[in-house]
Amino acid sequence: MILADELLAALDPVAVFERAFGMAPHEWQYAYLRETRNATVLKGRQVGASLGAAALAIHLARYTPNSLAAVVSPSLKQSTEIATRARAGLKAIGEPLAQD
């Protein structure tokens, strides 16, 4: 990856989303991905919130030193889904992963 792409990804979680998942975010996800404050997402089913959360976890883990990207949700199934998507996204951008 060239330096300009890496700098863009460090500054903008939308670039991380696009690289990790190979597609542009949905319109509503742009604001969600770029929000710097804590956010609550009121949404319907199957609208891409798991991908957005995974992209934010990837961005935090890669570009914030000594950070912890914790995935918390009402059910283990939801948390596992987001963590699985984050791992797949990290793999897609070439980030080496240690085994759990």
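How far apart are E81 and R85 in helix α5, in terms of helical turns? E81 and R85 are four residues apart in helix α5 (residues 76–92), so about one helical turn separates them.

A word on the ground rules. This is a predicted model, where local features need pLDDT of at least 70 and side-chain atom pairs count only at pLDDT 80 or more, while totals for chains, interfaces and linings use all residues. Residues are numbered from 1 along each chain as its sequence is written, and side-chain values use heavy atoms, leaving out hydrogens and water.

By salt bridge I mean a side-chain nitrogen of Lys or Arg within 4 Å of a carboxyl oxygen of Asp or Glu. That rule gives six of them.

E81 has 33% relative accessibility and R85 has 31%, so both are partly exposed (between buried, under 20%, and exposed, over 50%, with a 1.4 Å probe and protein chains only). Salt bridges with shared partners also link E6, R19, R62 and E95 into one network.

Now for D12 and R34, whose side chains pair at 2.8 Å, N to O. D12 sits in the loop between α1 (3–11) and α2 (13–21), and R34 in helix α3 (residues 27–34), so this bridge ties together parts 22 residues apart in sequence. Helices here are DSSP runs of H or I, at least four residues, numbered from the N terminus. D12 is buried at 14%, whereas R34 is partly exposed at 45%.

Note on methods
Helices (H or I, at least four residues) and strands (E, at least two) are DSSP runs, numbered from the N terminus.
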